[in-house]
Amino acid sequence: MKGFDFDFLTITVTDVVDILFVAFLIYYTYNLIKNTLAVNLLLGMFIILILWFVVDALNMRLLSSIINKFMSVGIIALIVIFQPEIRRFLLLIGKNTFLQKNKAWWGYLFGSKDIERDNLVRIKPIIDACKSMKKSRTGALIVFVKFYDDQLFANSCELIDSKISKRLLESIFQKYSPLHDGAVVIAENKIKSASCILPLTDNDKLPPQFGLRHRAGIGVSETTDAVAVIVSEETGEIAYAKQGRVRMNVSFGELEKLLNKDF
């Protein structure tokens, strides 16, 4: 019995690495766009691409020329349409590099364990404020960013630039405070701004009980490297949003660990 001849198929180490890189890109692209409107946009562009081949094969000159004009600016259109996803993808790569993944070991080697312990002291006023607001069912949205983006936040926020304080956080989110609507942004170990208007998530599969605070917290974690702590006004429950995903019913012990890791 004659077997199959695969002599024509030669696979080198470079080919294997190439395939792995493509699989990596497809996997992360899928993770970035799933449960967002980008899926529908991608599907729409795929349909237009199929239509382009069909009208070209049928020699439909007018329609073919219109689609050709549209496809000629395809790369620019892709960049504009998928700008949030491209930004998230680059942030994801930066956050998963070797140095970022092993920063705990680097910190240990260069003696920054004391800095981590100091970080727990800085987190304590935030945890205490969340405890108080959970008890009184005061709605809150606190966003933590590593680098304060003036362009993103300053235009829609009230600048505070103050030391992190339990009483200040509580007073900002009091129901009759003029700053209670919107988010507080914390960066560089300071309360940088309050009453910030944030982009809402495009995810249409969230539970219906999620209000604007939850959707804004998830939305800002989708488009930036920020994390968000949300205190529900209805239930007092605490949620934690990161990279477009939300963890519900977070305990104060979990919240402390998460903030110490991400903040």
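The side chains of T201 and E222 are joined by a polar contact of 2.8 Å. A polar contact is a pair of N or O atoms within 3.5 Å; within protein, one must be able to donate a hydrogen and the other to accept it, and residues adjacent in sequence count only if both atoms are side-chain atoms. This is a predicted model: local features need pLDDT of at least 70, side-chain atom pairs count only at pLDDT 80 or more, and totals for chains, interfaces and linings use all residues. Residues are numbered from 1 along each chain as its sequence is written, and side-chain values use heavy atoms, with hydrogens and water left out.

**T201 and α11**

- T201 sits in the loop between β4 (190–196) and α11 (212–223); helices (H or I, at least four residues) and strands (E, at least two) are DSSP runs, numbered from the N terminus.
- T201 counts as buried because its relative accessibility is 9%; buried means under 20% relative accessible area, exposed over 50%, partly exposed in between (1.4 Å probe, protein chains only).
- Beyond neighbours within four places in sequence, T201 is in contact (heavy atoms within 4.5 Å) with L206, R215, I218, G219 and E222.
- Buried residues of α11 include H214, I218, V220 and E222.

**The disulfide**

- C157 and C196 form a disulfide, with sulfur atoms 2.0 Å apart; the cut-off is a pair of cysteine sulfur atoms within 2.5 Å.
- C157 lies in the loop between α9 (150–153) and β2 (158–163) and C196 in strand β4, so the pair ties together parts 39 residues apart in sequence.
- The link of C157 and C196 is right-handed, with 130° about the S-S bond.
- C157 is buried at 14% relative accessibility, and C196 is buried at 2%.
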